[in-house]
Amino acid sequence: MFLYNISIRVYYILVFVFSFFNKKAKLFYNGRKNWQQLYAEKLKTIKNPVWVHCSSLGEFEQGRPLIEWIKKEYPNKQIVVTFFSPSGFEIQKQYKSADAVLYLPLDTPKNAVDFIHLLQPSIAIFVKYEFWLNYLFQLQIQHIPTVIISAKFRANQIFFKWYGKHFKKALQCFTTIFVQDEYSKSMLQTIGIHQVEVANDTRFDRVYQNSLQVQLPNCIHQFCDNKKIIVLGSVWQPDEEIFIRWYKTNLPKNWKIIWVPHEIETSKINQLKSKIAAPTLLYSEINNQPIEGSPHQHLIINTIGMLSKIYSVASIAYIGGGFGSSIHNILEPAVFGMPVIFGPKYHKFNEAFDLINEGSAFAIQNEQQLTVILNKLIKNESELTRLSSISNKYVVNNLGGTKTITDYLVSKKII
């Protein structure tokens with residue numbers, strides 16, 4: 001614990017240093033400055049709320065079905081959402097289903113005591129991978145029911161190592177751990193953690209809800225112009241370069257590409273547009289303007305928050321990140337019914353394995369493999385249709401994680 005607490009303080013010092021020249025670090029640091037005084041004001045009318053903590057935007061979307069169920073079924077309960085990352089907080093700081101949206105103070109012993117004393121939650125809900133030791137120990141000391149949802153465990157995690165004793169103790173702080181699969185449950189049982197329930201990943205519920213509420217600007221539909229669309233979702237430079245080489249000799253005239261880069265700084269967008277080296281539209285330049293009859297085959301979405309909706313016009317999706325640390329969300333396109341393609345780093349996601357086994361997802365190592373797959377899908381419409389229905393059915397068949405969780409919480413009187 002001494003080393004853990006030192007590491008938290010060192011991390012804070014590094015964030016402070018980077019805040020002078022890094023925007024994200026600056027938001028992270030400034031968002032936590034003088035938090036005691038700021039939060040005392042924000043929380044003065046909030047009593048015994050449901051506290052939901054998410055690391056970033058992806059985890060928030062995972063927890064959102066549960067948050068909105070609580071708001072609907074218990075309208076008098078107040079809800080406080082906290083984020084670790086600025087990328088989640090900045091986008092959702094005005095979230096209407098929460099009574100307050102805050103940065104989580106760094107996990108020092110004093111911060112944990114002060115924050116929980118100030119918040120006095122009736123229940124604490126963590127999403128997926130958030131295991132802050134001081135907060136968990138303090139919640140246990142104060143006998144506050146604490147759960148984690150949509151968690152996933154693997155043998156290489158610290159909990160299962162000889163040096164992970166304190167993280168194992170942190171798991172004992174949870175009243176209930178909701179995991180995505182039986183493997184995670186069995187792994188926890190090997191280290192004596194038995195307060196475990198299996199519930200489908202709540203992301204299935206979230207992407208399905210989103211698919212029923214899609215509204216896109218007319219300019220997107222005008223660009224598509226009844227053509228087949230490939231959407232490149234949350235792509236990084238290695239993903240972009242593979243597709244740039246592919247399209248120059250393989251993109252049919254009745255197909256178009258919508259590029260949705262992960263990084264949307266002006267310099268990055270200009271660099272991508274230059275590399276495409278073909279007539280290319282930018283979303284910021286055409287938003288809500290008529291572009292009917294445009295000959296352009298490329299559209300770059302240079303704004304945030306549209307990707308999950310953009311998939312609704314796609315026939316094929318390529319998911320970025322697989323040549324970096326890990327792929328982006330593949331359920332967002334799958335729910336609309338389409339084959340999905342991604343790079344080699346997909347091993348953290350059950351759905352990637354499942355869809356590969358079902359035949360509607362493809363992991364590639366290089367441009368040659370991409371070419372074989374895309375040419376097969378583009379030239380065989382019946383095969384494209386068959387695989388598309390597999391993806392949609394997979395999502396529909398895995399709905400219900402939120403209900404499993406809520407039924408359990410109600411039956412055990414945890415909420």
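Helix 1 contributes the most to the lining of the second largest pocket, with three residues. Helices here are DSSP runs (H or I, at least four residues), numbered from the N terminus. This is a predicted model, in which local features need pLDDT of at least 70, side-chain atom pairs count only at pLDDT 80 or more, and totals for chains, interfaces and linings use all residues. Residues are numbered from 1 along each chain as its sequence is written, and side-chain values use heavy atoms, with hydrogens and water left out.

The lining consists of I8, R9, Y12, R32, K33, N34, W35, Q36, P105, L106, T108 and N111. Helix 1 (2-18) and helix 3 (35-42) are the elements that give two or more residues to this lining. By class, five lining residues are nonpolar, four polar and three charged; Ala, Val, Leu, Ile, Met, Phe, Trp, Tyr, Cys and Pro count as nonpolar, Asp, Glu, Lys and Arg as charged, and the others, Gly among them, as polar.

I turn now to the packing of helix 1. Which residues of helix 2 does helix 1 meet? Y11, Y12, V15, F16 and F18 in helix 1 meet A25, F28 and Y29 in helix 2, where contact means heavy atoms within 4.5 Å. The residues of this contact comprise eight nonpolar, no polar and no charged.

Note on methods: On a 1 Å grid over the protein atoms alone, a cavity is a set of points where a 1.4 Å probe fits but cannot get out, and a pocket is an open set with protein on both sides within 12 Å along at least five of seven lines; lining residues have an atom within 4 Å of a point.
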